[in-house]
Structures are given as structure tokens and as C-alpha cells.
Amino acid sequence: MKNKNLYNYILGIADNSLILGQRLGELCGHGPSLETDIACTNMSLDLLGQVRSYYQYAAKIAEDGRTEDDIAMLRKEREYFNVLLVEQPNTDFGYTMARQFLFDVYHFLMLTELEKSTDLNLSAIAKKSIKEVSYHKRFSSDWIKRLGDGTEESHSRIQTAINDLWTYTDELFHQTEADKVMVAEGVGVDVTKLKDAYYEEVNAILEEATLSVPESKYFQKGGKQGIHTEHMGYLLADLQYMQRTYPNMEW
Amino acid sequence: MSEEQIKNLEEQFEARIARDEKIEPKDWMPEKYRQTHIRQISQHAHSEIVGMLPEGNWITRAPSLRRKVALLAKVQDEAGHGLYLYSACETLGISRDELYEQLHSGKAKYSSIFNYPTVTWADIGAIGWLVDGAAIINQVPLCSTSFGPYARAMVRVCKEESFHQRQGYEIMLKLCNGTPEQKEMAQDALNRWWWPSLMMLGPTDDMSVHTEQSMKWKLKRKTNDELRQQFIDQTVPQADILGLTIPDSDLKWNEERQSYDFGEIDWDEFWQVVKGHGPMNNARMKARVGAWERGEWVRDAAMAHAEKQQERKNKQVV
Ligand SMILES: [Fe+2]
Ligand SMILES: [Fe+2]
Ligand SMILES: [Fe+2]
């Protein structure tokens, strides 16, 4: 592969959307109301639409005959580069919204920068995605506020979810080897520079939601290097089921 | 109102329907009309919502990204159909919560077809092709039904259902042009979904209780048996194109009738499923009730938040 770094860089972004889209897809038909059900499906659709553009581009760069689906569904767990945050399960609607919110704020900041990329493909995908993601961010932050302010039960549930998922936020700002090369080339986003704006925005919304900002300074990492939590294998078993059971067929 | 006045109103009402005028929620209507419509529209809405479950079962396992996105969009459309239909039903003076309550308690019915399991990917193709196909045959006549909100909802729903049907057929076509294993998967799905799809068009005319009144109110334009025949005549050539065999050894073109003759439907199976004892009745209800119960704290929170917001606003005004 001529441009392994670009390829890996694209996967780093796309895998986040794929895994989160997959998680949201699990909920379709099982939401707390029809309206939230439709909204979660919408976010899943947006993310998977973005994923297709990224992987189609990655397939072009890979030049090894693999398709978007081969890239999406036929890698080993260790070859997925998504952050640990997005693979966390739909424990309850609180966790689903907390995961979404903690990712959306990052995703929006990242895309805003990616839109300025010198790589015109990435810039175009970012430009299209950013509108969708700004809607996701509004939806998830509104729910954080609603659940924080709502009832005693909802307040305590959403606080628990935020506390539990907080440990996965720091990884969003870790740079991979591919990141460093791509940043130097003007293609990639320097995620380390997004950190302050991220916590400022997240903390402000938590405060508005009458929630406390977790104080823990211990964070988890590994997703970006392909070392995932125990949840990931099961998610991939679903995602890859057809491609693994019926290899080399068209659908 | 005297009996005579009511009788007068009823006559005027029936005359309006006969003239093809639409009845709107604020118009006077006989209580029986209201109740019949609540029953039918809510049953339809519940079918859309419960129908999300068998197809939703394959979202995480769809074989390609393109198929995953299309399936998500389809299931989301069904949620949208549920939403318009519940809204249409609410105009008759019943709340969505009451309607859910009827579904969860088993008082309200939904289409029995969704009590069958989706066991392979080909089932997603077969459902689109056959189940959405049968739904269209049932529903196109409703686009000109007498109750305005229902008729308008159906226009939109039918457009999307025909898209679903083409999409389902396309899944089948791809399988049938694929490997022998894929074609076998398609045949197996047709074998399992064919008869339940025929049953979906309702019991035979001699067993159907509501037909006459429903015809008058344009809730029905053709009888169940006529619709079933239309479905079969339309679907058999489509199966031929796929190279699949309809699982009915009595199926034969009848030159004289210009229609297909077909074999005996297992009505015992139909009634078993209608009465709640199909393969997935229990699982479907548990999934619906479970989602509702697990979502209670979320709905409560949203309500409490909205009330607090309102209070805060009121205080500001004062
Ligand atoms: Fe529908
Ligand atoms: Fe329908
Ligand atoms: Fe449909």
C-alpha cells in the first residue's frame, strides 16, 4: 500500500462511526418512545452513511481489491481502531445518551478541523457530516439536560452513566502514529489541540444539567491501537456474521 | 338529541360518505364509526410497530453496509408509519398511551405475520417482497377511505411500502442470481413466508365478521378473498422471474378464470397465531412491553423536565 498512514488515519475516524452506528442500530425498535427510537435510528443512519464514504475512499487507497464491506466486516478485532468509548454497550438509555454526548462533542470539534484538510476527499466528507453531527450533538446534549434535570431517578442514572464512561474520554485526544504523519502533512486533525475546548463544552453542559463533572483522573486507552474492551468481540460477531458465514458472496 | 334527530344525522352522515366526502375529526360521527376506526387504525399502527421487531432482528447482522443502511431506513419508515397512524387515531379522542395499553394488555391485535421468526437474511428479502406486498394490496384502497386523517396517512404510507416491496424483491433477486447456497436460502424463506402472507389478507369471506359495514364506510373495497387472489396473481409471475417455486402443489393457472387456483390454507394455524400461540407472539409482546417499561423513567424525566421548564418560565414572567 502506497499510503498506509492515510489508510490507517481514515480507519481511525471511520471505525468510530461504524461501531457507534452499530451500537445505535441495536436499539432500533426498542427505544423508550417512538420519537427517540426514530432519532437514534437517524443517528445510526447518518454515521453509517459517513462510514461508507470513508471506507470507499480507504478501499481506493488500499488498492488491493478489497471493498468497503471487506474493510468494514472482515478485519480481526485487533485491526479495528475505534476508541473504547463507542463500543460500550447500551446499558440503558442513560448510557446510550451519555456515550453519544461524550462522543458528539468530540466528533463535532474534530470534523470542524477536518473540513480544513488539504485532502479534498476527507474535507468533503467532513463538510457533509458536520451538519448531521451538529444535530446529533444537539439531540444528545438536550437529553443530558433533560435527564439531569428531570426526576431524582433520571438524575442519578445519567450521573452514573457519565461517571462510568468518563474514563474513556481521554483516549479521544491521543495521537496515533498515523495521526502524527497526517497532521504534519496537513491532512489530519491534531486531536491534542481539541482537548481543552472539549472539556470546556462538556463541563458546561453537565453543569447546566445540574450534574457533577467526574473528578477521576484515571483513564482507559487502547482502542486506537486495536486493544479493545471485552464487549468488542460480541459486537463484531454480529457485524461480521454474514460475511464470515458466507464468504465471497454478493448481497 | 331525540332518536329521530340521531337518525337524521346518521342518514346525512352515510350520504356524505356515499358522495365520497371525507369525514374529519371534528365532524359528527356515529359512535360505531368512531369505535370501528379506532380499532382498525390502532391495529394498523400496532402492526407497524411490532413489525419493526422481526426486521430489526437483522440490522446488526446485515451482510453489507449498503444493506444495513437500507434496512435501518426501512425499519425507521415503519416507525414513522406507526407515528402517523397513532396520530390519526388520536384525532378520534383516544391517547397514544391508552392505545399502547391496549396493545400491551393483549386487548388490541396486530398483524399476525409478525409472529413468525426471521431466521436468515433471506427473510428480510421475503418480508419486503411478500409482506409489504400484501400490505400494499390491503392498503391502497384505504387511500380513498372515508375518514380523512386515515386516508391521508395511507397515501404517504403506501408510497413508502411500495419502495419497501421493491427493495425486498431486489434482495431476493440478488440471492437468486447468487451462489446455489444463496438461492437455497431464498427458496427456504419463500417456503416459510408464503402461507403466512396469504393468511395476512384475512380470513375467508364467509368467516369475516366486519366486511359489510366496512364496505359501506370504505374501510374495505374488496373482500379478503378477492384481495388474496389479487396478491397471488401478482406474485406468482414475480416468483417465476426469481426462479423460485411457490410451495403449493395445487397452484395452477386457470384459463377460464384468468387467475391462479391455489391450495387449501391452514386456517387452524392462522387462528392459533391470532389467538396468541404463534412461534413469536410471546417474544414480540415481551419486547414491546419490555421497551415500554424500561423507557418509563426516561419518559417521566422528559415530562418532569418540561414541567419544570414551564414553571421557571412562569416565574420569570411574574
Ligand atoms: Fe409500514
Ligand atoms: Fe403497513
Ligand atoms: Fe413497509
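Here are a few notes on the iron site and one surface patch in chain B of this predicted model.

1. Start with the iron ion (ligand 1). Its protein donors are B:Glu48, B:Glu78 and B:Glu161, each through OE, plus B:His81 through ND1. The distances run from 1.9 to 2.2 Å. If you want to find these residues in the sequence, look for the spacing E-x29-E-x2-H-x79-E.

2. On geometry, the site of ligand 1 comes out as tetrahedral, with angles of 88 to 133° among the four donor atoms. For reference, the ideal angle for four tetrahedral donors is 109.5 degrees. Keep in mind that water is not among the atoms, so sites may look incomplete.

3. The iron ion (ligand 2) sits 3.4 Å from the iron ion (ligand 1), and B:Glu48 coordinates both.

4. B:Glu78 has 5% relative accessibility, so it counts as buried. B:His81 is at 0%, so it is buried too.

5. Now for the surface. B:Met1, B:Ile6 and B:Trp28 make up a nonpolar patch there, and together they have about 300 Å² of accessible area. Of these, B:Ile6 belongs to helix H1 of chain B, residues 3-18. B:Ile6 counts as partly exposed because its relative accessible area is 32%, and the band for that label lies between 20% and 50%.

Note on methods
Residues are numbered from 1 along each chain as its sequence is written. Chains are lettered from A and ligands numbered from 1 in the order in which they are written. This is a predicted model: local features need pLDDT of at least 70, side-chain atom pairs count only at pLDDT 80 or more; totals for chains, interfaces and linings use all residues. Side-chain values use heavy atoms; hydrogens and water are left out. Donors are N, O and S atoms within 2.8 Å of the metal (3.2 Å for Na, K and Ca); water is not among the atoms, so sites may look incomplete. Four donors count as tetrahedral if all angles lie between 85 and 135 degrees; four count as square planar and six as octahedral if opposite donors are over 155 degrees apart and all others between 65 and 115; anything else is irregular. Buried means under 20% relative accessible area, exposed over 50%, partly exposed in between (1.4 Å probe, protein chains only). Patches are made of residues with over 30% relative accessible area and no salt bridge: like charges are joined within 9 Å, nonpolar side chains (Val, Leu, Ile, Met, Phe, Trp, Tyr) within 5 Å. Accessible areas come from the Shrake-Rupley method with a 1.4 Å probe; for residues, only the protein chains shown count as cover. A salt bridge is a side-chain nitrogen of Lys or Arg within 4 Å of a carboxyl oxygen of Asp or Glu. Helices (H or I, at least four residues) and strands (E, at least two) are DSSP runs, numbered from the N terminus.
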